[in-house]
Amino acid sequence: MRSLANLQLSIQFFLLTLFFISSHAAIFEIRNECPYTVWAAASPGGGRRLDRGQSWTLNVAAGTAMARIWGRTNCNFDGSGRGHCQTGDCGGVLECKGWGVPPNTLAEYALNQYGNLDFIDISLVDGFNIPMDFSPTSGGCRGIRCTADINGQCPNELRTPGGCNNPCTVFKTNEYCCTNGYGSCGPTYFSRFFKDRCKDAYSYPQGDPSSTFTCPGGTNYRVVFCPIGSPRFPLEMVGSMNDE
């Protein structure tokens, strides 16, 4: 009888835990303030075209991990949702099923993890294409932003149409990709270029863990492309993206 009672208590505790976690699902508002169209992408979540001033809201399940949001630029999709983007492309589809191709500025997150905390960061490990702000709209914790003119100041070796590549994409060596395991690489001239301009962001695969920030589980968030204070983009870029 005692074992049965213990089993019932365990089941009740498990159900209460599930209820607690499910009640802390997060709402993400993704907003485009750029003077050009951005095709927002999310894994999980899919994708959405956002003209200037438009928003897209995602409800993300508690416990979601290894998740990311990014923007794609200069895209063309047909009526079936197939096409291509100059930056951030995810397999040639509007509704992303996987991650995007560098360069792309990333908002990364894991919800309801250790201590029921959310872990969030902005990562430039995949390079940079769009200025970004990633901030809580509840929870009383701090936000992160990367709004420097990285595309305009990008080193020649990393320049690519529409963005600034990460050095791993260009050079494909352990020095930049950290492929030989933890501790096999460190900061480089190129990672310092990104870090100097966006001090809160990750700049290489084994970067300083202080670039990860925490919020209480159940916090809601907003990701803004081209937040106030972002550099102005070349008019030819704006024009090419609006001439669709």
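Me: Why is R49 called partly exposed?

Reply: In this predicted model, R49 has a relative accessible area of 37%. Buried means under 20% and exposed means over 50%. The value of 37% falls in between, so R49 counts as partly exposed.

Me: Where does R49 lie, and how far is R49 from E95 in space?

Reply: R49 lies in strand 3, residues 46-50. R49 and E95 are 46 residues apart in sequence, and their C-alpha atoms are 9.9 Å apart.

Me: What makes R68 a charge over the ring of W99?

Reply: The charged end of R68 is 3.5 Å from the centre of the ring of W99. The distance cut-off is within 6 Å of the ring centre, and R68 sits over the ring.

Me: Which residues form an aromatic cluster?

Reply: F28, Y109, F134 and Y221 form one aromatic cluster. In the whole structure, a search finds nine aromatic pairs. Two rings pair if their centres lie within 6.5 Å.

Me: What makes strand 1 and strand 4 a pair?

Reply: Strand 1, residues 26-32, and strand 4 share six bridges in the antiparallel sense. Pairing needs at least two bridges, so six bridges meet the condition. Strands of a sheet pair through backbone hydrogen bonds, either parallel or antiparallel.

Me: Why are strand 4 and strand 10 called edge strands?

Reply: Five strands form an open sheet in the order 4-1-14-9-10, with mixed pairing. Strand 4 (55-60) and strand 10 (144-146) each pair on one side only. From one strand to the next, the twist averages 15°.

Me: How many helices and strands are in the chain, and what share of its residues count as buried?

Reply: The chain has six helices and 14 strands. Of its 244 residues, 47% count as buried, which means a relative accessible area under 20%. Among contacts with a separation of 6 or more, 62% are between residues 24 or more positions apart.

Me: What is the confidence of the model along the chain, and where does the pLDDT stay under 50?

Reply: The mean pLDDT of the chain is 87, and 85% of the residues reach 70 or more. Over residues 1-22 the pLDDT stays under 50, and the model has two contacts there beyond four places in sequence. Residues 234-244 also have a pLDDT below 50. That stretch has 16 contacts in the model beyond near neighbours in sequence.

Note on methods: Residues are numbered from 1 along each chain as its sequence is written. This is a predicted model: local features need pLDDT of at least 70, side-chain atom pairs count only at pLDDT 80 or more; totals for chains, interfaces and linings use all residues. Side-chain values use heavy atoms; hydrogens and water are left out. Helices (H or I, at least four residues) and strands (E, at least two) are DSSP runs, numbered from the N terminus. Axes are lines fitted to C-alpha atoms, for helices over the stretch in contact, and angles run from 0 to 180 degrees between N-to-C directions. pLDDT is the predictor's confidence in each residue, from 0 to 100. Contact means heavy atoms within 4.5 Å. Rings of Phe, Tyr and Trp (its six-membered ring) pair if their centres lie within 6.5 Å; planes under 30 degrees apart count as stacked, over 60 as edge-to-face and the rest as tilted. A charge sits over a ring if NZ of Lys or CZ of Arg is within 6 Å of the ring centre and within 35 degrees of the ring normal. Buried means under 20% relative accessible area, exposed over 50%, partly exposed in between (1.4 Å probe, protein chains only).
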